[in-house]
Amino acid sequence: MGKVDKCIYIYIKLIKGITYMKKFNLAAVTVAVVGSLTAGSAFAGTAACFEVYKGADNAAYLPADVDNGVDAVNVYGFATTYAPASCTAQSELATGVDATAGNSLLPTNEAKIAYELTGNLDVDFDAVDGTDTDLQIVYIPTTDVPPGTLITMKLTGATFDGNSDLIHLVQYDQDAADGSFEAVASSDGDVDGESTITFLTKSGVTIGAGTRLVFSRVSSGAVEADIDPVGIHIENTGCTDPDSTETVTIAATSAVTDGGTGYDIIGAVSSAQLVADISAQFRTFVGVTATDGEVNAESKDAFNNDIISRTEFVYEDSSTDKFTLKQHQLITAATFVDYGANNAFDQSVDLDADDYLSTTFVTDADAGASVKAGIFDLQNASTGDVSEQIGVETGVLYGTLNTASPYETQATSIFTDGIADDGESYPSALASDTAYGQSNTVYYVLENVAADGEYGVMNFNYAHTPEYTLEFNEEDTLLDHCTTSKNLHNVDVNGAVLKVPYAYDTANNWIRITNENSEDAVVTMDIFDEDDHTAPVTVILDEGVSKYSSTLYLADDLIDQAVEAGFTRNAEGHKRYTMTFTVTAPSNTVHGVSVQKIAGGVDRVLPVLDMNDWSE
């Protein structure tokens, strides 16, 4: 007779004795008996425990660092009773303690699943990796559980699935002692599609404290390899970001005798146990530092070569700048990481040709028609030159800025390091994850792309901040990455900028620009007709501003020069024009004034805006 059966037998004897004991306190007896089921050590524990771990499919399982004194088996310590009254994992035991199945729990080795997969994912723990790895869920009450007890189990982050609406709790058959197992509790009610299910313990069977009860879709078997782990369904919503994490946990939330109408068994109730860890598989644009560059508004480069103003960036090919600043390119390195490449997950996404990094190359001001975005896979460690260009989408090398539709770059080209011995290293920001991720560094460029050997005039004072998302072809099941943005390039100019908000097409309107710098300055002008709504035309003015000097520009002469450069003059001469002057001298050494001559009256001074530190 088991301990619980003996207890119930005594209880019945006591009830019968009431006939002869008129003053016997029935309530005291009930409390005494129930209390006996929550006291003691091996008989009544403080909480139920779980073990969750992975092993080979239908094969012997025993962790290399665990010796429980028995032959390798599918279920750790299946035949061994767990003795403590509380839950103690091996990792919590002091050095030198005998970490056997009798006095410790196996450390958790949960399923690891890529968040991107979990839009609509069935997970069969009989092949948690999709091929040949089992995941076992083992429930261990630390109190004897009598027949007819109703045990409630709750999953969070998932529902049960693929179990034919029936799950068993099976124990090692101690009587047969031949490796076989039998069910001592089975689910009662709906299972699949539910997150909370109940188990009813078998009639006539008392589950001893410390018994390892394994979740199984079959109720019995001749050997442990016959145990059939259960299945779950995960359905997360929303998009993925690098910090997306979810967990699946299981807990025994209640255990009540007499089919749920009796007393609570504290030692059969557990805290939440981790079953599956879900995290993002891909990280994009890791370790990015935006490149700050300047458009060269001068007529000479750093090597005193003649150039056309504003067709090149400022560059010197110094030891540090050569990796980011080039004659016609600004270069920014970005690292992309795939955590699924080195088996960090039991289930992960395999990228294919239909998965894309969808990108719109956004600038917050017009960069100029000839300025494009490109991607390269290799940078020379000596010169800083980039090569092995990756098309922004199939058949397209460079991306136009600020397009209505994004470019679809093949994700395999971005995440896969297709060049051996390219000198790339794993990003330092993720150094702790080196063992799990595969990284590839690519180089995003903002480039003045020549057309028929001619370079266009570039604008400045803007930021290049692409908007992007990682998109998968299985739209119904995979969770695309959230659309986000990353600042890659900031473009300034090596000079002063003066803005004349309005000027008239007349010799009676003039602009005077003063250069207090010790070198002569080149002046370019961007002009548009405020009624025409077309993009400005850029003009390199015939006359610059000498050092320590001023130049007076008549408004109609400026418009004449603009017409020669392709500008269309407004037929009505009284219309107003907006002009922006770029002067190749330090900002604080340049200032200007705009004046309109009034016949028979006082000349009118018109506003001129600048970017100087000092106030007017």
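Visitor: Which residues lie nearest the centre of the largest pocket?

Guide: Rolling a probe the size of a water molecule over the atoms shows where empty space is left. In this predicted model, the largest pocket is lined by 22 residues, with Arg310, Asp366, Asn459, Asp526 and Pro536 nearest its centre. Strands β29, β31, β32 and β34 each give two or more residues to that lining. The pocket's volume is about 490 Å³.

Visitor: What is the make-up of the lining by class?

Guide: Ten nonpolar, eight polar and four charged residues.

Visitor: What about phi at Arg310?

Guide: Most residues other than glycine have a negative phi. Arg310 has a positive one, near 70 degrees, and sits in the loop between β16 and β17. Asn461 also has a positive phi, about 60 degrees, in the loop between β24 and β25.

Visitor: Are those two buried or exposed?

Guide: Arg310 counts as buried because its relative accessibility is 1%, under the 20% cut-off. Asn461 is partly exposed, at 33%.

Visitor: How many residues are in the largest nonpolar core?

Guide: In soluble globular proteins, nonpolar side chains tend to be buried together. Here the largest core has 90 residues, and Ile137, Tyr139, Met153, Phe215 and Tyr444 make the most contacts inside it. A second, separate core has 26 residues, including Leu498, Tyr553, Ile559 and Val583.

Visitor: Which residues of helix α5 are buried?

Guide: An α-helix has 3.6 residues a turn, so residues three or four places apart point the same way. In α5, the buried ones are Ala555, Asp556, Leu558, Ile559, Gln561 and Ala562. Their cover includes β29, β30, β31, β32, β33 and β34. Just after α5, Gly566 takes a positive phi of about 110 degrees.

Key
Residues are numbered from 1 along each chain as its sequence is written. This is a predicted model: local features need pLDDT of at least 70, side-chain atom pairs count only at pLDDT 80 or more; totals for chains, interfaces and linings use all residues. Side-chain values use heavy atoms; hydrogens and water are left out. On a 1 Å grid over the protein atoms alone, a cavity is a set of points where a 1.4 Å probe fits but cannot get out, and a pocket is an open set with protein on both sides within 12 Å along at least five of seven lines; lining residues have an atom within 4 Å of a point. Grid points are joined across faces, edges and corners, and a volume is the space filled by probe spheres set on the points. Helices (H or I, at least four residues) and strands (E, at least two) are DSSP runs, numbered from the N terminus. Ala, Val, Leu, Ile, Met, Phe, Trp, Tyr, Cys and Pro count as nonpolar, Asp, Glu, Lys and Arg as charged, and the others, Gly among them, as polar. A nonpolar core is a set of buried Ala, Val, Leu, Ile, Met, Phe, Trp, Tyr and Cys residues joined through side-chain atoms within 4.5 Å. Buried means under 20% relative accessible area, exposed over 50%, partly exposed in between (1.4 Å probe, protein chains only). Contact means heavy atoms within 4.5 Å.
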